[in-house]
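Visitor: I am new to protein models. Could you show me how to read one, feature by feature?

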Amino acid sequence: NAEIRDAALGTLLTTARLRGQREVRGLIARAVAAPGDGRRTVFDCAHGTFLPFATLARSEDDAPVADESVNRAFDGFGVTRGFYREIFERDSIDGRGMRLQGYVHRGDRYNNAFWDGQEMVFGDGDGQIFSDFTGSLDVIAHELAHGVTEHTANLEYRTQSGALNESCSDVAGSMVKQWHLGQSADQADWLIGPEVFTPGIDADALRSMKAPGTAFDNKLFGKDPQPDHMERYMDLPDTEEGDYGGVHLNSGIPNKAFYLVATGIGGNSWEAPGHIWYESLKASTATTQFQEFADRTHAKAGELYGAGSAEQQAVAAAWDEVGLRI
Ligand code: ASN
Ligand code: ZN
Ligand code: CA
């Protein structure tokens, strides 16, 4: 069957090539590509921004190297890959062993980390406000999870679908950290990136899932603007300035809902709550909005744990508390 599929796709690929259809060729090339072996590779950008100029620093079978940023990225990918495999039976980012490629020391004192559609990229931070972004396991898992979202729902990175995309990365980042540390929902700090601020900065973290809007309140940034309820949903412009409609801000609402589900059910976030969220992500589409996602988590909780189960009741109560009625 696989042979027949490959032959059929090969014919399509040839046709597309002859017709010069670049997008179709890309799609088909990805479809026929052999499943990956899930190996990790970390590259050193040496403060450049053009990734092809980065040099290979460590790959799967290599021993640790002298550069701890390289080792932290490598280890963080390993933990996250293990989490998806063991907890969700998912084989890497694309579910078929996609290689995990990371780039460290990106740019000069660059204050961020990101997923670029193919790989995970980390800045060193400026050393004044931010430190190295590889210093936080939940940030590493957050970036990798953007890849998982892209290969599942492919939630559009704007307004509510974008905030759900961001939230799913925070949820994954928190679960991976809690799983790695063996912390239950009650024991966890529910902070995203507590390590990325330099010790001199008066801030707990980038975001708090437990209490969105309280991760920082200082002279430098003012108060954490994340809302934790639909009444405070931030209608921002769909521009880079407006964070594409506040994708990193309105994510506070679904983040808080996940926190409430996890603590409402009790135990470990990556068990029932994680499965409900992951199944809902896989059943979502590019344009899924908050209400649709909330309804879906409720339906999934019913399918997985039974209609009227404690899990399903916790889901309904959580969304209600952030202003979304099932
Ligand atoms: N660190 C940010 C994120 O992963 C970078 C970005 O805005 N894309 O969400
Ligand atoms: Zn993100
Ligand atoms: Ca601090």
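Guide: Let us go through this model together, one feature at a time.

Visitor: What should I know before starting?

Guide: This is a predicted model, in which local features need pLDDT of at least 70 and side-chain atom pairs count only at pLDDT 80 or more, while totals for chains, interfaces and linings use all residues. Residues are numbered from 1 along each chain as its sequence is written, and chains are lettered from A and ligands numbered from 1 in the order in which they are written.

Visitor: Which residues does the UniProt annotation "domain: Peptidase M4" cover?

Guide: UniProt positions use the numbering here, feature names are shortened, and annotations may be inferred rather than shown by experiment. In the UniProt record, an unreviewed entry, that annotation covers residues 76-150. The chain there is 36% helix and 15% strand. Helices (H or I, at least four residues) and strands (E, at least two) are DSSP runs, numbered from the N terminus. The record also places "domain: Peptidase M4 C-terminal" at residues 153-323, again from an unreviewed entry; this stretch is 47% helix and 5% strand.

Visitor: How many residues does helix α3 have, and what should they span?

Guide: The expected span of a helix is 1.5 Å times one less than its number of residues. Helix α3 (residues 68-88) has 21 residues and should span 30 Å; its end C-alpha atoms are 29 Å apart, which agrees. Just after α3, E89 takes a positive phi of about 50°.

Visitor: Which residues of α3 are buried?

Guide: A residue is buried if 20 or more other C-beta atoms lie within 10 Å of its own, exposed if 12 or fewer, and partly exposed in between, with C-beta atoms placed from the backbone. In α3 the buried residues include S69, V70, F74, F77 and Y84. The buried residues of α3 pack against several elements, among them β1 (40-44), α4 and α5 (159-181).

Visitor: How do the strands pair?

Guide: Two strands pair if DSSP finds at least two bridges between them. β1 and β3 run parallel, joined by 5 bridges, whereas β1 and β2 pair in the antiparallel sense over 4 bridges. V42 has G102 as its bridge partner in β3 and R58 as its partner in β2. Because 4 of its 5 residues are buried, β1 is largely enclosed by the rest of the structure.

Visitor: Which residues are around ligand 1?

Guide: A residue is near a molecule if its C-beta atom, placed from the backbone, lies within 6 Å of it. Around ligand 1 we find N112, A113, F114, H142, E143, H146 and E166. The largest share of this shell, 3 residues, comes from α4, and β4 (113-115) and α4 (137-150) each supply at least two. By type, the shell has 2 nonpolar, 3 polar and 2 charged residues. Here Ala, Val, Leu, Ile, Met, Phe, Trp, Tyr, Cys and Pro count as nonpolar, Asp, Glu, Lys and Arg as charged, and the others, Gly among them, as polar.

Visitor: Is N154 buried or partly exposed?

Guide: N154 is partly exposed, with 15 other C-beta atoms within 10 Å. N154 lies in the loop between α4 and α5 and has a positive phi of about 55° although it is not a glycine. Y244, in helix α6 (residues 243-246), also is not a glycine and has a positive phi of about 50°. Y244 is buried, with 21 other C-beta atoms within 10 Å.

Terms used
Contact = placed C-beta atoms within 7 Å.
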